[in-house]
Amino acid sequence: MQKTRSLCARICGQFQVARFAAANGLPETNPPARNKCTKNSNEYKIPPFQNFTNYLFNYHFQSNQPMLTTFDWSEMISFTSIPTEWRLARGKDVKVAFVDTGVNLGLPSLAHLNQVGRKFFVDAEGFSVAKLTGQDPVGEAFGVAGSGHGTLYASLLAGKSPDPAPLDKDLVTGLANAATYYIIKATDKTGEVTTIRHLLDALELSANLGVEVFITGQCISRSEMQFEGLTDADINRVFDLPAVKRMFIFAPLKNRQSAEAWKSLAADHFPSYHPDVFNVAKLPGIFDQVIDVVKTMNVPFFLSGFEGKLLSKTGDAIDMGFSNSGATAIMGGVATLALSFFKQQNDGEVPDKEQFTQLLATCCSSLDAAPGSFAAPTIFKNF
């Protein structure tokens, strides 16, 4: 069955109109205006489609062709206070570990990530944190229900439209897609279970790879340590590695709706409890009930108002259900942009954590301003 998209769908980015017309025998001269989102009173409004609508309607609907989606996350973050110079850096010359449930590298937007030396599966036969060949299978398990997890946020960070762009696939452009990505699948062989040991191995592997920004969408209850036979000494050994100490680590809080559950949320989970981790969360709807607790927690960043399209593991563009994992991917991407710009301005030098925290603060609003309704995408700092 062919896919169709509503003409009223909110689409950021650009359709390859001229290429599309040429490939389908349509006129290439005077292509219709491209549709973009604009900002107006903290809401996103679609400008009049005019000729573009007529073009799409006449071609796609009357000829029964699929209407596909393109979405550009760099356009979405342009509505924030993130400096243009950061966005233009695109993450170039930054090494990023993306640690999640795997990524479907067969999708056009993610095919460029399929690089020898950059694919690791911590539960693969013969895996070792010292084995840096990086040729493991990292695909997201199709037997697991749902749209996936790792593929979704990999598209947000690293999606890139191939040239020429395919005419029959949804495409997502990531906000930091010029970075060097190491895809680390941190699950068991079923793709359903992630352990503390998996994440710990991913950290040590990243240190050996010289990773600068570590982004994971996973966190595990610390109570699992005893069942895995892990001690605090095992955890500290990895976090005390010099290369891990130099790394900027971004991880999500566990999603919670109840105010009561926030009291020890960071302290009760790995890697959230460690002071070297930048914990990230979606600004909770019950923020007024938890603000006093939140201000005492190691959660430097809260995000609100972000929305957009992500690629599912099957390649369909779907609406992002904004969660702590999504907030972490966005913040990790922003950090990658900031580090890329900093390195360009400082002959490749990397800032220490305190310098980097203050750099990121320049694109944030105070958490004291957070209570209320925020339609526009905003990053709040809790320090």
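Is Lys295 buried, partly exposed or exposed? In this predicted model, Lys295 counts as partly exposed, at 40% relative accessibility. The residue takes part in a salt bridge with Asp368. The closest N and O atoms of this pair are 2.3 Å apart. Asp368 is exposed, with a relative accessible area of 51%; the cut-off for that class is over 50%. Lys295 sits in the loop between α10 (287-294) and β13 (301-304), and Asp368 in the loop between β16 (365-366) and β17 (378-381), so the bridge ties together parts that are 73 residues apart in sequence.

The count of salt bridges comes to 10. Another of them pairs Lys189 with Asp123, at 3.4 Å from N to O. Here too, loops are joined. Lys189 lies between β7 (180-185) and α6 (196-209), while Asp123 lies between β5 (119-121) and α5 (150-158), so parts 66 residues apart in sequence are tied together. Asp123 and Lys189 also belong to a network that includes Glu125, joined by salt bridges that share partners.

Arg222 and Asp232 form a further salt bridge. Their closest N and O atoms are 3.9 Å apart, within the 4 Å limit. Arg222 is in the loop between β9 (220-221) and α7 (224-228), and Asp232 is in helix α8 (residues 232-239), so this pair ties together parts that are 10 residues apart in sequence. Arg222 counts as partly exposed at 28% relative accessibility. Asp232 also counts as partly exposed, at 43%.

Backbone geometry was examined next. Most residues other than glycine have a negative phi, and most peptide bonds are trans. Exceptions to both patterns occur in the model.

Asp163 and Pro164 are joined by a cis peptide bond, with omega at about 5°. Pro164 is found in the loop between α5 and β6 (171-173). A cis bond also joins Phe270 and Pro271, where omega is about 0°. Pro271 is placed in the loop between β11 (269-270) and β12 (277-282).

Positive phi values occur at Arg90, at about 60°, and at Asp347, at about 55°. Arg90 belongs to the loop between α4 (84-89) and β4 (95-100). Asp347 belongs to the loop between α11 (324-345) and α12 (353-361). Their accessibilities fall into opposite classes. Arg90 is buried, with a relative accessible area of 19%, because buried means under 20%. Asp347 counts as exposed, at 81% relative accessibility.

Definitions and conventions. Residues numbered from 1 in each chain as written. Predicted model: local features only at pLDDT ≥ 70, side-chain atom pairs only at ≥ 80, totals over all residues. Heavy atoms only, no water. Salt bridge = Lys/Arg side-chain N within 4 Å of Asp/Glu carboxyl O. Helix = DSSP H or I, 4+ residues; strand = E, 2+ residues; numbered from the N terminus. Buried < 20%, exposed > 50% of the residue type's maximum accessible area, 1.4 Å probe, protein only.
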